[in-house]
Amino acid sequence: MLGFSNQAISNILYWVTRKRWLIVAFVISLFLFYIPSPETLTPEGHRTLIIVVIVLILIMGEAIPLPAVAMLILILEVILEIDTPNGVATSFMSDAVFFIMGSLMLAVAIVSQGLDKRLALGIIKMTGNKTWRIAFGFVAISAILSSFIGEHTVAAMMLPVALTLVRNTSKDQKVVHRLATLLLFSIAYGCAIGSIGTPSGGGRNVIMIGYISEFGLGSISYLDWIKYAYPMLLIEIPFAVLILWFTFRPNQTILDSAVRKLKVNVTKTGKMTGNQIMSILIFVAVFLGWVFLSPYLGLGIVALIGVFLYLSFGLIEWKDINRNTNWGVIILFGAAISLGIQMKETGAAEWVADQAIYGMQMIVDDVGFLRWFISVFLTGILTNILSNAATVAVLGPVVLNMGGDPIILGLTTSIASAFSYLTIVASPTCMIIHSSGLVKSSDYLKAGWKLFIMSVFLLFLVSTIYWPMLS
Amino acid sequence: MKFLIAIGSKEYSEPTLELGMRVAKAFNAGVTIVYVGEKISAFSTSEVQLAQENLENWELDRQGVDVLEWAYEYLINHDYITSSGDIEGFTGEKLVQIDDDRCEVYLEGNHTQEVGLILRNGDIIQQLRDEVKRGEFDVTIIGASKKRRMIHDLIQYIDSSIFVVKNYQREKHYKMLLAVNDAPNTKKAVKYGVRVAQSFDLYTTAVTISSTADFREDYKKASAWADKFLRRSGVEYETRLEHGKFTETMNAIATDNHIIVMGSSTKSPLVKFFKGSKPLKVCEECNCPALIVK
């Protein structure tokens, strides 16, 4: 056929089936390019929205590597004459990208110090050997730690603790399935709940802070964020434990022998080393920097100072940071933030916000409630099928253009992006516990939908009762 | 020859491993066992890698290592590989990251030469295709899957013969069913089938199926060639000329107590992609193991 060998045709077919979402994105973008722009939307805004559609399809379909998606965004922004090459380059790098880069590197530095064994000992000392208390300890510690050092750092440190307890209980996976599910989800959901607590809990919080400041809508400090978000984090912990316990109640109500074996295992590590003490001190310094210096230096630069100190003191080697840092994600978020800024600049974000409000007004009249509903539900759903940080990067400019108090809407959106309970792809922590092989995809829905509803309800109460008291 | 056996879990992969190893032994083939874990989202690859590296500090295995360990012990317990005596189970073996999505287990002594153990993560078709290309395997052996189009994709995109181990029961006495026609791959398929039949001492049926009662001369010649080959090979056999629909007739003869061996279709990949092929349909609808020889 057309001079192609069967092998060549087979290879082409293989490429087409694997890259079908790339082809779909291309066809849809061509179609959108040739339809006339709506009257209320600028041509640049129209072309920006085409890029948004392409990016959403490519990220969801994973048709091409993430760095390739990032490059496509930057290329299209210039080719479609949305901005100049220098303008695109300027919008690509920001403090939020520095923060994402720095926090991913800090995660590698912290995890490699072997502090997880001390953490395990601390948790077990606090909780004792009753399973429900261990689950409570896992959720609470994961939530509180991840609010400061980021969710996947905590998940990477907590995973071996949970797996050791499970393996010490029984090697038969059928016997320990519910116990494993309970402990692993306690980590994943604890981390998700915790990530809302402070700006450093997740890159998406910093992206939102960056948008608010970039668009001239105000500013929110590290401590302000804590005042708004931390109470909700603390309230969510017991509810999450109850939901997890009643969904995955295990047969083993006491983990006596498993806990004893874990204690023996972790006490072998001896006293805290100088490097470990230095690591903790550096992180405390970074935290203080975020609290007191971020208004002057930015959250990203403070995180990079932390990485610089870890490298300078020889606590981590560059090759380890290089190997375990997801450079593709950093580049993608840089490009996604650039796209978000172009959405604002070209009026695309405002147009989408107007259309969403107008469309929903046919069902509900209350615009204030509509803004809240769109920011929470759209973010909550997209975060579970896309990824939480990508969701905020794309939706942030739209939400901030819906009117109302941008700080409140920005916070609401960032917090809703932590409701990543329903799928494996929702967040790295969900993926980390899934990689243990002990939880199935269907397990995520079992407790996830209950946590999702509980979290939305709590967010509604906090944002309508508590937040107005702060302003 | 080189065989690749894909396994998924301790619970469901025993028949695949058992039959795969028996067939590999018949061919005196080198065997590599591969476990393909689920795809990791591109957003989380480094984070998952970090968590998995941290597990090693706790002497905990990553997902899939336990399945490979089980497979390794199964091979030793069933004398498919020799036990050197000084090796206890999986102790001392090393998991080495070769690529982002591929790890190899290096076994002690000469076991690495006897059997390869590979751990992969990602889309199963892509991973098996890459592994087959990398290792130049002749046959890929895999258990039946409930996933739609799995068999189609295996046959369409993997550049080796495909043996789908469906509904295999060790205690059952199987027969061999060879599909014979004038297609170029038939001779290779008959040779493969006879080798297995000789090794397992299976009664063999070589069937030539025509859609009409009037058999083409090429079909008759192919059947005669198969008859001669089977007679010389010394296996107990019969040759049959049947008319009817290919898939229905093959499955009616095969029921659940045959091992089917067929040559792959020579149709254009484009036609096979949209319309399928006879071997594919037999493989999808049969209730017994089936080998499609490329």
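Strand β1 (residues 2–7) of chain B and strand β6 (residues 139–143) of chain B run parallel and are joined by 4 bridges, strands being DSSP runs of E with at least two residues and helices runs of H or I with at least four, numbered from the N terminus. Within this pair, B:Leu4 stands opposite B:Thr140 of β6(B). The model is predicted, so that local features need pLDDT of at least 70 and side-chain atom pairs count only at pLDDT 80 or more, while totals for chains, interfaces and linings use all residues. Residues are numbered from 1 along each chain as its sequence is written, chains are lettered from A and ligands numbered from 1 in the order in which they are written, and side-chain values use heavy atoms, with hydrogens and water left out.

Both strands belong to an open sheet of chain B, in which 12 strands follow the order β3-β4-β5-β2-β1-β6-β7-β12-β11-β8-β9-β10 with mixed pairing; two strands pair if DSSP finds at least two bridges between them. At the edges stand β3 (94–99) and β10 (237–243) of chain B, each pairing on one side only. From one strand to the next the twist averages 20°. Helix α1 (residues 14–26) of chain B packs on this sheet, touching β1, β2 (30–37), β6, β7 (161–165) and β11 (258–263) of chain B, and its direction makes about 175° with that of β1(B). Helix α9 (residues 246–254) of chain B lies across β8 (175–179), β9 (204–210), β10 and β11 of chain B, at about 150° to β11(B). Angles run from 0 to 180 degrees between N-to-C directions, and axes are lines fitted to C-alpha atoms, for helices over the stretch in contact, where contact means heavy atoms within 4.5 Å.

Chain B is divided into domain 1 (2–165) and domain 2 (175–293), with bounds that come from an automatic or database domain assignment. Their C-alpha centres lie 29 Å apart, and the contact takes 18 residues from domain 1 of chain B and 18 residues from domain 2 of chain B.

| Helix pair | Axis angle | Axis distance |
|---|---|---|
| α7 (116–127) and α9 (151–169) of chain A | about 55° | 9 Å |
| α3 (43–61) and α17 (327–346) of chain A | roughly 150° | within 9 Å |

α7(A) and α9(A) are therefore oblique to each other, whereas α3(A) is roughly antiparallel to α17(A); angles under 35 degrees count as roughly parallel, over 145 as roughly antiparallel, 65 to 115 as roughly perpendicular and the rest as oblique.
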